[in-house]
Amino acid sequence: MTVVRAIIGFTVAVSVLTFIAFFGRTPAFRNTPIGFCHRLLVHRIPSALRALDVFLTNGRITSGGSRLGHHLMNEKHPVVMIFFLGLITVSASLLVPTVWNLLPFHHKLLVAILLPQPYYFTYLCAKRNPETVVTEMNHAAHMRHYPYDRILFYPGNVCRTCKFNKPARSKHCSVCKACVSRADHHCVWVNNCLGRGNHKWFLTLLLSTAILLAYGAYLAYFALSPKVHKQYARYESWYRFKPSPGSNPSSWTTYGEKKLHYFLTYVSIYIDAGGISAAGVGLLALLTWPLPLGLLIYHLYLIYAGMTTNESSKWADWADEIADGKVFLGKRKPETMRDYRPRGADLHDSTQSSSATPIPTPPETPPEEEEPPTTWPLESRHILVRTTNGQPPTKLPPRIKSVADKESFERVWDLAAVENVYDLGFWDTLLEILLH
Ligand SMILES: [Zn+2]
Ligand SMILES: [Zn+2]
């Protein structure tokens, strides 16, 4: 029984840590104990250990380790991906041969269909995709996918590494060393950035992994149940009990203890019957299958909200500042919007003088190469401005002044009042991701 407790405790601890690693960084958990644990694990404990090492050995222990840590955190490497696929491979090679002969044909067929899927979708996520990575060659095409909303993304921001205007919704990834179109996040599990072109494969990877793990847990249960039921009949009379209704609270502790003992006995019978190869893998699958499912649900929520993971943290920043009462919502001048502009009016002379000279009066709209017309069906009508003193903006920066109706700024107290131009509604946003 002690071994069973240790196995369950270890598996639960691994699941909790993986959950924190999966979700701790997401803005939804920023102000929750999960976010706190993530900061504790990733920042506070390592920096406290480093400070202790500096105090004790002048930093000798961590200087070697930090180079490795820096490499693991900041360079592209497949260590986590190998760990993930290795875990599936080892688990499958333990479970499948043990239960194979007990399975009817349709389950064998299902194993053959479900097992290769995580490998295939990981490959599709990990391979270099011209739809995802913005290069000199495809830059013009990427500029035409999404409009600048002037809330999260502004035209005219040049990527210092790639030396071109950042397309709206893109982000430069310091690990991939490239600008990523409709950037979602850099995923260490697939050793690549997820964005336009491969986000859909990430969603299918999460779905297929969740199904495979749930199915693995079910297979172990299915194959071991006949054996277990035989042995369980012997134990049943020992642990048969009924909670006494209306009993005093102290007896509920006894009830809980009995229930736990009952559960542990059941698990230990499974481990007796199937060993680590079937019962252990089944238990691990049972405890870990909610992780990819939870992450998939989180991504579906983001799709429902019309944002990427990268954008969700930008919106969370705005929400914090809105709560402080320092954000003002303004309207765009209709004549500066592409849809309203008469044909031919967008031909400005865009030759820029050197940055040392004062910036000339900005044109009504940015030049074509900074903000070309896009294929996106919506155009932003709102502009958000934060002020440091909490007073309405008196002097607007040139890039806002040129397109904003100066008289329209009003304090905003709710993020829901701000238009998200990238939100097409759940189904259309999902479709856009699945098609691109
Ligand atoms: Zn870049
Ligand atoms: Zn990346």
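This is a predicted model: local features need pLDDT of at least 70, side-chain atom pairs count only at pLDDT 80 or more; totals for chains, interfaces and linings use all residues.
Residues are numbered from 1 along each chain as its sequence is written, and chains are lettered from A and ligands numbered from 1 in the order in which they are written. Local features need pLDDT of at least 70, side-chain atom pairs count only at pLDDT 80 or more, and totals for chains, interfaces and linings use all residues, while side-chain values use heavy atoms, with hydrogens and water left out.

The zinc ion (ligand 1) is held by C159 (SG), C162 (SG), H172 (ND1) and C179 (SG), at 2.0 to 2.3 Å. Donors are N, O and S atoms within 2.8 Å of the metal (3.2 Å for Na, K and Ca); water is not among the atoms, so sites may look incomplete. Along the chain, the donors follow the spacing C-x2-C-x9-H-x6-C. C159 lies in the loop between α7 (139-143) and β2 (171-173), whereas H172 lies in strand β2, 13 residues apart, and the pair links distant parts of the chain. Helices (H or I, at least four residues) and strands (E, at least two) are DSSP runs, numbered from the N terminus. Both C159 and H172 are buried, that is, under 20% relative accessible area, with exposed meaning over 50% and partly exposed in between (1.4 Å probe, protein chains only).

Helix α13 (residues 426-435) has the buried residues T429, L430, E432 and I433. These cover an arc of only 160 degrees around the axis, which puts them on the same side of α13; the arc is that of the directions from the helix axis to the C-beta atoms. The face turned away from the buried side of α13 carries the exposed residues W427 and L435.

In helix α10, the buried residues include L291, L295 and L302. α10 is followed by G306, whose phi is positive, near 70 degrees.
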